[in-house]
Amino acid sequence: MFGHIFLYTIKQQLSEKSVVFWLIVFPIFMAVLFHAAFSNIQDETLETIPAAAVVTVQNSDFLTAAEQSGMFEITQTDAKTAQNLLDTGKVDVILNVGEDISLTVGTSGLNQSVAAVFADTYRQTVSTLGQISVMNPDALHGDALKNLTSDEELIHEESVSVNGDPFAVLYYALIAMSCFMAATISVSIIARLQANQSALAARINCAPPKKLKIFSANLLASFTMQCIYNYLLVLFIWKVLGVDFGKNLVPILGVVTAGCFAGITFGCIISVLTKFSEGMKSGILIAFTLTGCFFAGMMSTDVVYIVKTQMPWLEKINPISRISDSLYLLYYYGVNQQYYRNLIFLVVLGLVCILGTVAVLRVQRYQSVSGQMPEEDS
Amino acid sequence: MHIFRYFLKVFRKGSFWIVLMYTVIFSGISAFFSTMTTNPTEQAFELEQSNVAVIDRDHSALSESMTEFLYSKATKVDIQDDETAIKDALFFRTADLILILPEGMAQQLQAGQTPELISYQIPDGTYGMMAKQLAESYLRTARAYFAATGDFQTEKITEDFADPVTVQTTGQAAENHQTRAQVLFNFFVYSVMAVMLFALPAVLISFHRTDMRRRNAAAPMGVTRRNLMILTAMLVISLGIFMAFSLTAFLLNGSYLLSIRGALYLLNLLVLVIVTLTISFLVSVSTKKGAAVSIAQIISLGCAFLSGSFVPQYMLGDTMKTIGAFTPAFWTVKANDEISKLNTFTTDTLGTYFQCIGIQLLFAIAFVSIMLLLGKRRRTEA
């Protein structure tokens, strides 16, 4: 009997188009949109800045410094041509080199800022030399000048193990959302066991198999389907869209499985404890899931960092954050203690929810459901 | 007026509270994203600032002065002095440069040694390089002063950096600088479409049920009059949604929107509302009730991602932009971006803006034409 219910639950879920849409088509659609929107975004990297130089003095040290820095691709020209080059976007900045130095830019921007910082640094060096020449003129022939103009790298750049892509977090939060979308399936599982929810539930309550057995078969079938959907989603994001998940597949599937378990059982406990209609219960669970996703970073990666640093308690109590955080940890740090803590949290949450659901279901009895039955959709 | 009232009744019973909830949630999210940016106060050069975190383990006068200097030239980021915090800050791009000033730094410099300053930064990142350049410049200057005078002369260093080079601007705001109003109105593209496509097709579909169509066909009221009432009811709901989002915009931007710029943003939003209204009609005649919510989600999210509502258009790839150009939302976002760039509002400068408005209206006409075609087929089925 258990196997029979298990198989028919799977068949029934596969035949429901809306279930298939929300549990697998929608997350894949979202992943494709994420990929389309964010794959083109890269960190700003240093490139040579096209610049025009309008020089009105001879032997300019500033121009020499700019040329030697390798930061600029300089075209020396007159003021009118320089302005034309700027207006047509062929250069980002005009270096006005006369008695004083000034810059002309078309717009504010990164290249323009780099040029401004370079010019400021040059002016500051000149100012420092002026100050030293007043304070101790002899020092300009010694270490002071050498220290000021040396190319020695004073700050050692330490590399981090993985140059992580922050947009990967969006996909992790999406997977977490997909795991918790299973909660909406639980609403119908529970509705089929509560005789006052539908005619089908009333019939099932009269059937010989024990409620616990029907619940277990339904839950296991839904959990199985949810795991399969999410494994497919992970594989699609990983292999088709090329998002990095780290090296180990097993821990990834482990956290996805735990996430599905927590999601589906969380839906059960909420459904069994509340007395709203099926639609309202689904609405509450979707609102919970989407809010959790927001704090897990599905809408902005900045939110994850704010939560991590300023509201760590929120990350600890949000099961959706726990799933996406585990995927982040696996990608950026590998398997570590925090990963196991997240895994244990999800499994314990799932077990608490399942025990609570069973406890409530066991005591629910119906003397009569006449007059309470909601209208069936025609 | 009977049908008008009935339409509003169905809406009130079926969708009103959810629409209200969605409007509040989306307004909140829009506000969250838009408050990360500001509206420009004047047309001047704005130096792009790096996000810098300095971990001072030396606590000397020099290290404290250097920290203060860097924070005056960059945006300060607070992070804890541990490896996980450093790595997290780099991963989430919260900090472009994390600089560690080691213990004994000042003493080592005084002894003529080179202290081991460590920086963590995004490889080849321009912002990080810019901040690192400033830090190195500060250190070199401090060493030079010490060599010349036997003191780091931190006050003199501050004076040396206090006189920046003059930068004149000739053009408009940078393409990659987004104003608060622009971010807000771009995010509204998704919000408005999501709310309207959730609310309206669901009510309209109930009018398209076969039994309802047959009853209406037998009723004394003419088709034109009935459709006019439905349209009026939909316009009332749409205008309500438009007003709610406009109110949010005014609350967040204040007097900045009490200008021609504000009027242009609002006109663009109103045009989007009209286009979305026509999409709602189209969805209602081409789908069944169960599928309407799914289709609404796909259309609103698809348009938002393809148009640059979530990610600025200048960051989208060329293929994305080409595909996006086939959605009306793309032109709404383009018009918003255009408004934010303008300083003067003349027929010449507003050419692109009105072109975007025109394209959106053409989309609306196209949707109405398809809807009429599908509607006619449905009527004959009844």
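Let's start with chain A. Its domain assignment gives domain 1, made of 2-7 + 16-38 + 167-363, and domain 2, which is 49-148. Bear in mind that this is a predicted model. The centres of domain 1 and domain 2 of chain A are 58 Å apart, taken over C-alpha atoms.

Now chain B. Here the assignment gives domain 1 as 2-40 + 179-381 and domain 2 as 51-161. Between the centres of those two domains of chain B there are 50 Å, again over C-alpha atoms.

What about the overall shape of chain B? The radius of gyration of chain B is 29 Å, while a compact globule of 382 residues would have one near 21 Å. Along the principal axes, the C-alpha atoms of chain B fill a box of roughly 100 × 45 × 35 Å. Chain B holds 15 helices and five strands. Of its 382 residues, 44% count as buried. Now look at contacts in chain B with a separation of 6 or more: 77% of them join residues 24 or more positions apart.

Take α7(A), residues 168-191. How far apart are the end C-alpha atoms of helix α7 of chain A? They are 37 Å apart. The 24 residues should span 34 Å at 1.5 Å a residue, so the two values agree. α7(A) does bend, by about 25° at Ile185(A). Is α7(A) largely enclosed or left open? It is largely enclosed by the rest of the structure, because 23 of its 24 residues are buried. Buried here means 20 or more other C-beta atoms within 10 Å.

After α9(A) comes Gly242(A), with a positive phi near 75°.

Next, how the chains meet. Chain A puts 63 residues into the contact, and chain B puts in 72 residues. Which elements of chain A each supply at least two residues to the side that touches chain B? They are α2 (17-38), β4 (101-105), α5 (110-135), α6 (143-149), β5 and α12 (301-310). α5(A) gives the most to that side, with 15 residues.

Then there is the sheet. It is open, has five strands, and runs in the order β5(A)-β4(B)-β3(B)-β1(B)-β2(B), with mixed pairing. Which strands stand at the edges? They are β5 (155-158) of chain A and β2 (75-76) of chain B. Each has a single partner strand, so one side of each is left without a neighbour in the sheet. The partner of β5(A) is β4(B), residues 117-121, and the two pair in the parallel sense over four bridges. If you want a place to look, Glu157(A) stands opposite Ser119(B) in β4(B).

Gln355(B) is found in helix α15, residues 351-381. Why does Gln355(B) count as partly exposed? It has 14 C-beta neighbours inside 10 Å. The cut-offs are 20 or more for buried and 12 or fewer for exposed, so a count in between is partly exposed. Gln355(B) and Trp331(B) are 24 residues apart in sequence. In space they are 8.8 Å apart, C-alpha to C-alpha.

How values were computed
Residues numbered from 1 in each chain as written. Chains lettered and ligands numbered in written order. Predicted model: local features only at pLDDT ≥ 70, side-chain atom pairs only at ≥ 80, totals over all residues. Rg over C-alpha atoms; globule rule 2.2 N^0.38 Å. Contact = placed C-beta atoms within 7 Å. Domains from an automatic or database assignment. Expected span 1.5 Å × (residues − 1). Bend = angle between axes of the 7 residues up to and from the residue. Pairing = 2+ DSSP bridges.
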